[in-house]
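Hello,

Here is the structure I promised to pass on to you. Have a look at it first, and then read on for what turned up in it.

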Amino acid sequence: MDAARKADDDIKRRLAELGPWFQNIHVQGVPTAPDHFLGDYPTFKWQGFKEVVPQDLAGRSVLDVGCNAGFYSFEMKKRNAGRVLGIDADPHYLRQARFVAEQTGLDVEFRQMSVYDVGKLGEKFDLVIFMGVLYHLRHPLLALDLLYEHVVGDQMLFQCLQRGDERLPQLQENYDFSEWSLFDRHDYPKLFFVEERYASDPTNWFIPNRAAMEAMLRSSGFVIDAHPEREVYLCHRSERHYAVEVPPQIC
Ligand SMILES: C[S@@+](CC[C@H](N)C(=O)[O-])C[C@H]1O[C@@H](n2cnc3c(N)ncnc32)[C@H](O)[C@@H]1O
């Protein structure tokens with residue numbers, strides 16, 4: 001067996017040992033999740049919105065929350081970002097991320113941490129990536145409030161599974177207590193609660209429609225600057241809604 005063939009076999013063996021993989025990343029040319037149910041995920045998704053992220057992130061710090069095997073963290077590093085930190089609650093995915101970092105030589109730090117603990121970081125980041133995590137959380141608004149309070153210094157790149165009506169309603173600021181029919185409108189902001197499973201996943205808890213997702217971002221203090229494709233938003237930090245209480249320091 002020649003050296004190149006042996007190296008390829010070694011990578012394949014390591015990838016299999018570290019599996020199963022959710023993100024398909026090419027490590028020394030070998031795909032980590034070639035049979036992903038969504039296709040070449042997240043690459044095909046990234047192609048749809050990569051234009052909204054600056055080509056050159058020189059000097060900018062990035063926090064990738066729910067980083068999984070680090071796909072977005074690595075893409076930010078390839079765009080010349082300064083400090084890049086990926087956090088995830090699941091050590092299985094962090095082992096994958098660290099292996100990819102080692103193989104690619106991309107300087108990204110990975111730490112096991114829940115989104116609920118971001119206050120412990122004690123620093124703000126120029127760009128926070130929060131993709132594909134919100135609907136896995138029992139406390140989605142708390143997570144947005146904590147990100148706003150502790151780590152989002154400027155921008156947030158955000159994605160959340162959405163189901164239901166895709167229209168945005170024109171709503172009054174207030175309605176009378178006797179108004180009921182409003183809640184039967186399909187386009188009214190709705191957050192669906194999944195008691196058991198959706199897509200076979202028992203951690204898919206809350207799934208918003210589009211109106212609810214955008215309203216939740218706004219009320220948490222984020223202004224939506226771009227909506228390059230379904231479910232994906234680039235926001236910047238602004239004023240949070242006057243009625244939102246500052247979240248407790250969960251440390
Ligand atoms: C659907 S994957 C999305 C991964 C990646 N952000 C992407 O868009 O491809 C959800 C990720 O969130 C992580 N996660 C779930 N709950 C979390 C929490 N409370 N804090 C941090 N990460 C969490 C999971 O371990 C998983 O890696």
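Let me begin with Glu-239, which sits in the segment after strand S11 (232-237). Glu-239 counts as exposed because it has 8 other C-beta atoms within 10 Å, and the limit for that class is 12 or fewer. Gln-55 lies 184 residues from Glu-239 along the chain, and 27 Å separate their C-alpha atoms. Please keep in mind that this is a predicted model.

Next, the sheet. Seven strands make up an open sheet with mixed pairing, and their order is S5-S4-S3-S6-S7-S11-S10. At its edges are strand S5 (109-112) and strand S10 (222-229), each of which pairs on one side only. On average, neighbouring strands here are turned by 20° against each other, direction ignored.

Helix H3 (residues 71-78) touches strand S3 (62-65), S4 and strand S6 (125-131), and its direction makes about 175° with that of S4. Helix H4 (residues 91-104) touches S4 and S5, with a direction at about 170° to that of S5.

You can follow the pairing strand by strand. Strand S4 (residues 84-88) runs parallel to S5, and four bridges join them; here Ile-87 stands opposite Arg-111. S3 and S6 are also parallel, over four bridges, with Asp-64 opposite Ile-129 in S6. On to strand S7 (residues 152-159): six bridges join it to S6, again in parallel, and Ile-129 faces Leu-157 there.

How much of S6 is buried? Six of its seven residues are, so to speak, under cover. Which residues have the most contacts inside the largest nonpolar core? They are Val-62, Val-128, Ile-129, Phe-130, Leu-147, Met-156 and Phe-158, in a core of 58 residues. Take Met-156 as an example: leaving aside residues up to four places away in sequence, Met-156 touches Val-128, Phe-130, Leu-147, Phe-222 and Cys-235.

Finally, the ligand. There are 18 residues around the ligand, and those that come nearest are Gly-66, Asn-68, Asp-90, Met-131 and Gly-132. By class, this shell holds 10 nonpolar, six polar and two charged residues.

Technical notes
Residues numbered from 1 in each chain as written. Predicted model: local features only at pLDDT ≥ 70, side-chain atom pairs only at ≥ 80, totals over all residues. Near = placed C-beta within 6 Å. Nonpolar A, V, L, I, M, F, W, Y, C, P; charged D, E, K, R; others polar. Pairing = 2+ DSSP bridges. Helix = DSSP H or I, 4+ residues; strand = E, 2+ residues; numbered from the N terminus. Axes fitted to C-alpha atoms, helices over the stretch in contact; angles between N-to-C directions. Contact = placed C-beta atoms within 7 Å. Buried ≥ 20, exposed ≤ 12 C-beta atoms within 10 Å, placed from the backbone. Core = buried A, V, L, I, M, F, W, Y, C linked by C-beta atoms within 7 Å.
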